[in-house]
Amino acid sequence: MKEYKSGLYIVRNIFSRSVLAGIFSFLFFVFLGYFLLWQRFQILNDREQQEMSNIINLVQNNVEQSLQNSHSIALSLALLVDDEGNIKNFEEIAPQLVDGNPNIDVVQLAPGGIITKIYPLEGNREVINYNILQENSLKREANEAIETRKMYFAGPFELKQGGIAVVGRLPIFIKKEFWGFSAVIIKLENLLRQSGIKKLAGSKYQFQFSKKDVLTGEEIFFLPEIKNLNKSYSKSVTLPDADWKVYIVSKNPSEILFLVLPFGFLILILAAWLGWIISKELEQPAKLQALLKLQAGELIQSELKFRTIFDQAAIGIARLDSISGKILETNAKYEELLGYTAEDLTKLDYMQLTHPEDIQEDYNNMQRINSGEIREYTINKRNIKKKRRYCLG
């Protein structure tokens with residue numbers, strides 16, 4: 001019972017070590033795999049961020065180019081005002097400026113802030129004689145242009161004649177005195193078209209366009225609402241008023257995650273398989289060692305049993321070398337029957353103790369054992385005692 005418990009302890013110990021090795025191997029491969037997967041995820045994420053940054057930069061460049069063209073048109077329009085403050089050739093030049101430049105939709109001249117000249121007139125008649133310096137929502141940005149003596153882009157805002165647009169006002173000074181404004185109007189849909197937002201968005205991205213309200217400081221959005229705007233990549237567009245912002249949002253924010261997720265499952269399966277392989281490989285030598293220990297214990301037990309039977313048997317027993325025939329060991333009964341001491345018998349072989357007439361048969365059987373033909377045999381033969389008498393054995 002004690003031996004059984006000892007063997008069971010060895011088996012349990014081996015099992016525990018191999019299982020622990022398998023678990024640690026699994027965790028190691030999972031950690032390694034997910035570390036590499038995380039690196040891959042970061043690379044893809046950085047690549048997408050770089051792509052969005054490049055798109056935003058392109059949008060910004062397109063918008064700035066459009067506004068620079070608008071500045072050139074406003075400057076050309078301002079040249080129609082002579083040193084006396086008179087407007088010359090507006091009806092001839094304005095159509096050429098607007099029709100020849102798709103970047104703008106309307107041009108205006110507003111002496112003293114009052115709009116008196118506008119092209120095209122159709123659809124814009126109601127703003128004739130409109131004083132922008134008396135309109136609370138417009139005068140702050142108009143005054144900003146006067147104070148800085150630079151062109152200032154206001155909006156996007158709702159136009160009096162309808163629609164949402166950006167208005168660029170270039171202040172005109174004659175003899176250092178403010179005369180009025182040369183203005184260009186760019187409708188929002190035209191500005192967005194020029195920016196390339198719709199084309200660049202494609203099926204992968206969404207855009208949002210915003211500007212801070214000059215009075216409240218609140219951010220106003222001009223495109224349809226999109227979700228997860230706070231998680232978007234955004235960049236302030238550098239324009240004269242520095243308040244405009246363009247947002248870019250991925251339509252499938254989880255696309256990269258879903259791209260690497262299958263590899264995550266594959267890593268788990270592969271790590272589990274490798275852990276199992278390592279566990280099994282570690283079990284083999286340990287199992288063999290445990291088996292050898294158990295067999296050694298069983299061999300010792302068998303040897304003890306054999307020794308007990310050999311020494312205490314009621315019949316004579318001798319152990320021989322089957323090759324040489326030498327007697328290796330005898331029990332007391334065998335020594336008593338033949339009259340030899342144990343020491344004397346180890347100096348003899350079985351032929352010297354066998355009757356001459358029985359030697360051949362005994363020899364033949366011994367040869368068959370050595371050749372593997374048989375494992376054992378039984379023979380009644382006559383043994384020679386020390387005093388040359390015979391006995392059956």
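In the predicted model, the hairpin formed by E10 and E11 has six residues between its strands, and Gly-325 adopts a positive phi near 85 degrees in this hairpin. Strand E10 covers residues 318-320 and strand E11 covers residues 327-330. The two strands run antiparallel to each other and are joined by three bridges. One of the residues involved is Leu-320, whose bridge partner in E11 is Ile-327.

When neighbours within four places in sequence are set aside, the contacts of Ile-186 include Ser-66, Leu-67 and Ser-70. For the pair Ile-186 and Ser-66, the separation in sequence is 120 residues, while the C-alpha to C-alpha distance is 9.3 Å.

Ser-25 was considered next. This residue belongs to helix H1, which spans residues 2-78. Ser-25 has a relative accessible area of 14% and is therefore buried, again by the criterion of under 20%. With residues up to four places away in sequence not counted, Ser-25 touches Gly-275 and Ile-278.

Note on methods
Residues numbered from 1 in each chain as written. Predicted model: local features only at pLDDT ≥ 70, side-chain atom pairs only at ≥ 80, totals over all residues. Heavy atoms only, no water. Helix = DSSP H or I, 4+ residues; strand = E, 2+ residues; numbered from the N terminus. Buried < 20%, exposed > 50% of the residue type's maximum accessible area, 1.4 Å probe, protein only. Contact = heavy atoms within 4.5 Å. Pairing = 2+ DSSP bridges.
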